[in-house]
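Notebook open, structure loaded. I'm jotting down what I look up as I go.

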Amino acid sequence: MVLKEDERFVVYSPVLDLSTSGQTFEEAQKRFVEAATLFFEEITNKNTTDEVLTELGWHKIKNDWQPPVVIAQESREVAVAL
């Protein structure tokens, strides 16, 4: 998912609960790939892959991890009285 917040682009992945941003769409995408790569390297190096992915809702089928399936995505405006 890519959002525009003021002058920055924010990339967010709900299946990893991971986000990053950049000044351009391309920079934000590149940074997200870097962040996701570091995320997987870190959980692999710390030997916490099973624990972390399970907490994120992933399921292991045989030897393959399957992410949770996003079934809907929508935007809604919410009025908040301050």
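Predicted model: local features only at pLDDT ≥ 70, side-chain atom pairs only at ≥ 80, totals over all residues.

**Thr-20.** I started with Thr-20, which counts as buried because its relative accessibility is 18%. My cut-offs: buried is under 20% relative accessible area, exposed is over 50%, and partly exposed is in between, with a 1.4 Å probe and protein chains only. Thr-20 belongs to strand 3. I take helices (H or I, at least four residues) and strands (E, at least two) as DSSP runs, numbered from the N terminus.

What does Thr-20 touch, leaving aside its neighbours within four places in sequence? I listed Phe-9, Val-10, Val-11, Ala-28, Arg-31 and Phe-32 as being in contact with Thr-20, where contact means heavy atoms within 4.5 Å.

**Ground rules.** Residues are numbered from 1 along each chain as its sequence is written, and side-chain values use heavy atoms, with hydrogens and water left out.

Next I checked the pairing, where two strands pair if DSSP finds at least two bridges between them. Strand 1 (residues 2-5) runs antiparallel to strand 2, with four bridges. In that pairing I found Val-2 opposite Val-11 of strand 2, and Leu-3 has Val-10 as its bridge partner there. Strand 2 is also paired with strand 3, again in the antiparallel sense, over five bridges. Val-10 turns up here too, with Ser-21 of strand 3 as its bridge partner. A reminder for looking at such strands: side chains in a regular strand alternate between the two faces of the sheet.

**Positive phi.** Most residues other than glycine have a negative phi. Which residue takes a positive phi in the hairpin of strand 1 and strand 2? Asp-6 does, near 55 degrees, and this hairpin has two residues between the strands.

The hairpin of strand 2 and strand 3 has four residues between them, and Asp-17 in the turn has a positive phi of about 50 degrees. Asp-17 sits in the loop between strand 2 (8-13) and strand 3 (18-22). Asp-17 counts as exposed because its relative accessibility is 54%.

Lys-62 also made my list: its phi is positive, about 60 degrees, although it is not a glycine. I placed Lys-62 in the loop between strand 4 (59-61) and strand 5 (64-66). Is Lys-62 buried or exposed? At 77% relative accessibility, Lys-62 counts as exposed.

**Aromatics.** I moved on to rings. My rule is that rings of Phe, Tyr and Trp (its six-membered ring) pair if their centres lie within 6.5 Å; planes under 30 degrees apart are stacked, over 60 edge-to-face, and the rest tilted. I got three aromatic pairs that way. Phe-9 and Phe-25 have ring centres 6.2 Å apart and planes at 85 degrees, so I wrote them down as edge-to-face. This pair links distant parts of the chain, with Phe-9 in strand 2 and Phe-25 in helix 1 (residues 25-45), 16 residues apart. Phe-25 counts as partly exposed, at 33% relative accessibility.

Phe-39 and Phe-40 make another edge-to-face pair, 5.1 Å centre to centre with 80 degrees between the planes. How do the two compare for cover? Phe-39 counts as buried at 17% relative accessibility, whereas Phe-40 counts as partly exposed at 30%. I also noted that Phe-39, Phe-40 and Trp-58 form one aromatic cluster.

**After strand 5.** Last stop was the segment after strand 5, where I found Ile-71, Glu-77 and Leu-82. Ile-71 counts as exposed at 82% relative accessibility, and Glu-77 counts as exposed at 84%.

I took two C-alpha to C-alpha distances from here. Glu-77 and Tyr-12 are 65 residues apart in sequence and 19 Å apart in space.
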